[in-house]
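I have a new structure open and want to get my bearings in it. These are my notes, in the order I looked things up.

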Amino acid sequence: KDSKLFIIKKIAANIEVDPISDNLQFGDNINVTFKGSTNSYRVEVERHGNNIFNQTTSNNYMVLPTLAAGDYNLLIYDLGDGGRVGVYVNKAFTINKKENNVKIEVEDVDHGQNVTITVRADGDGEYKLIVTNSTEGTVKKVTLNVVNGTGNVTLSSLSIGKYSVKVTSD
């Protein structure tokens, strides 16, 4: 009698990612399309080495959340299956600052009332507000989302005084 052991190995999955636009601007929709060997994918976005988006899907596309201007890495993983070993593709992309008209609206209020700050902007996305009191310095740092050109935030418990609001999109 004769016998021989043999192994059937998993093969590597593959994944291809369609090009990402070189002209992305803050507020643009980012639609990523890809195809791989299986129907199990994980899409990640990293900025400065930090993972800021991570979602698993069985689709061959992903709409990324609104991202601030800056440099990013997109990682798309084909997670493999029983017969395939997972693989990933890493693509760098940049979101440029957009020429953006931003207007802040805020009204004077009496002590004890809430203050509503409205931001109107050409570009939808995440904006950072810094609220400063003339005697206390910075008192609040908040983030708001502008959608369809408008976003607002309501602040409470501000002391009596004069305030200024600065807004940035990055």
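My entries below go from the whole chain to its sheets and then to a few single residues.

**Entry 1: what kind of model**

I note first that this is a predicted model. I keep that in mind for every value that follows.

**Entry 2: the chain as a whole**

How many helices and how many strands are there in the chain? I found zero helices and 15 strands. Next I checked how spread out the chain is. Its radius of gyration comes to 24 Å, while the globule rule gives 15 Å for 170 residues, so the chain is more spread out than a compact globule. I also looked up the span of the C-alpha trace along its principal axes, and I got about 95 × 35 × 25 Å.

Then I turned to burial and surface. Of the 170 residues, 31% count as buried. The chain exposes about 11100 Å², and I see that carbon and sulfur atoms supply 44% of that area.

My last check on the whole chain was about contacts. I took those between residues at least 6 apart in sequence, and 58% of them join residues at least 24 apart.

**Entry 3: the four-stranded sheet**

In what order do the four strands of the open sheet run? I read the order as E5-E4-E7-E9, with antiparallel pairing. The edges are strand E5, residues 50-57, and strand E9, residues 87-95, and each of them pairs on one side only. On average, neighbouring strands here are turned by 20° against each other, direction ignored.

I then followed E4, which covers residues 41-47. Six bridges join E4 to strand E7, residues 70-78, and the two run antiparallel. With E5, strand E4 pairs over seven bridges, again in the antiparallel sense.

Between E4 and E5 I found a hairpin with two residues between the strands. In this hairpin His 48 takes a positive phi near 55°.

**Entry 4: Thr 57**

I stayed with strand E5 and picked out Thr 57, which is found there. Is Thr 57 buried or exposed? Its relative accessible area is 11%, and under 20% counts as buried, so I put Thr 57 down as buried.

What does the side chain of Thr 57 reach? I found the backbone nitrogen of Asn 59 at 2.9 Å. Leaving aside its neighbours within four places in sequence, I listed the contacts of Thr 57 as Phe 34, Asn 39, Ser 40, Tyr 41 and Met 62.

**Entry 5: the three-stranded sheet**

Another open sheet has three strands in the order E13-E12-E15, and its pairing is antiparallel. E13 and strand E15, residues 163-168, are the edge strands, each pairing on one side only. Neighbouring strands in this sheet are turned by 20° against each other on average, direction ignored.

I counted the bridges between E12 and E13 next. There are nine, and the pairing is antiparallel. For one bridge I looked up the residues: Glu 126 has Asn 145 as its partner in E13.

**Entry 6: Asn 133**

Asn 133 has its place in strand E12, residues 125-133. At 2% relative accessibility, I count Asn 133 as buried.

Which backbone nitrogens lie by the polar side-chain atoms of Asn 133? One belongs to Thr 135, at 2.7 Å. Another belongs to Glu 136, at 3.1 Å. Leaving aside neighbours within four places in sequence, Asn 133 is in contact with Val 139, Ser 159, Ile 160, Gly 161, Lys 162 and Tyr 163.

**Entry 7: Asn 148**

Where is Asn 148 found? I located it in the loop between strand E13, residues 137-146, and strand E14, residues 150-155. Asn 148 has a relative accessible area of 70%, and I noted it as exposed.

I finished with a distance. Asn 148 and Arg 120 are 28 residues apart in sequence, and their C-alpha atoms are 9.0 Å apart in space.

Technical notes. Residues are numbered from 1 along each chain as its sequence is written. This is a predicted model: local features need pLDDT of at least 70, side-chain atom pairs count only at pLDDT 80 or more; totals for chains, interfaces and linings use all residues. Side-chain values use heavy atoms; hydrogens and water are left out. Two strands pair if DSSP finds at least two bridges between them. Axes are lines fitted to C-alpha atoms, for helices over the stretch in contact, and angles run from 0 to 180 degrees between N-to-C directions. The radius of gyration is taken over C-alpha atoms; the globule rule is 2.2 Å times the number of residues to the power 0.38. Buried means under 20% relative accessible area, exposed over 50%, partly exposed in between (1.4 Å probe, protein chains only). Contact means heavy atoms within 4.5 Å. Accessible areas come from the Shrake-Rupley method with a 1.4 Å probe; for residues, only the protein chains shown count as cover. A polar contact is a pair of N or O atoms within 3.5 Å; within protein, one must be able to donate a hydrogen and the other to accept it, and residues adjacent in sequence count only if both atoms are side-chain atoms.
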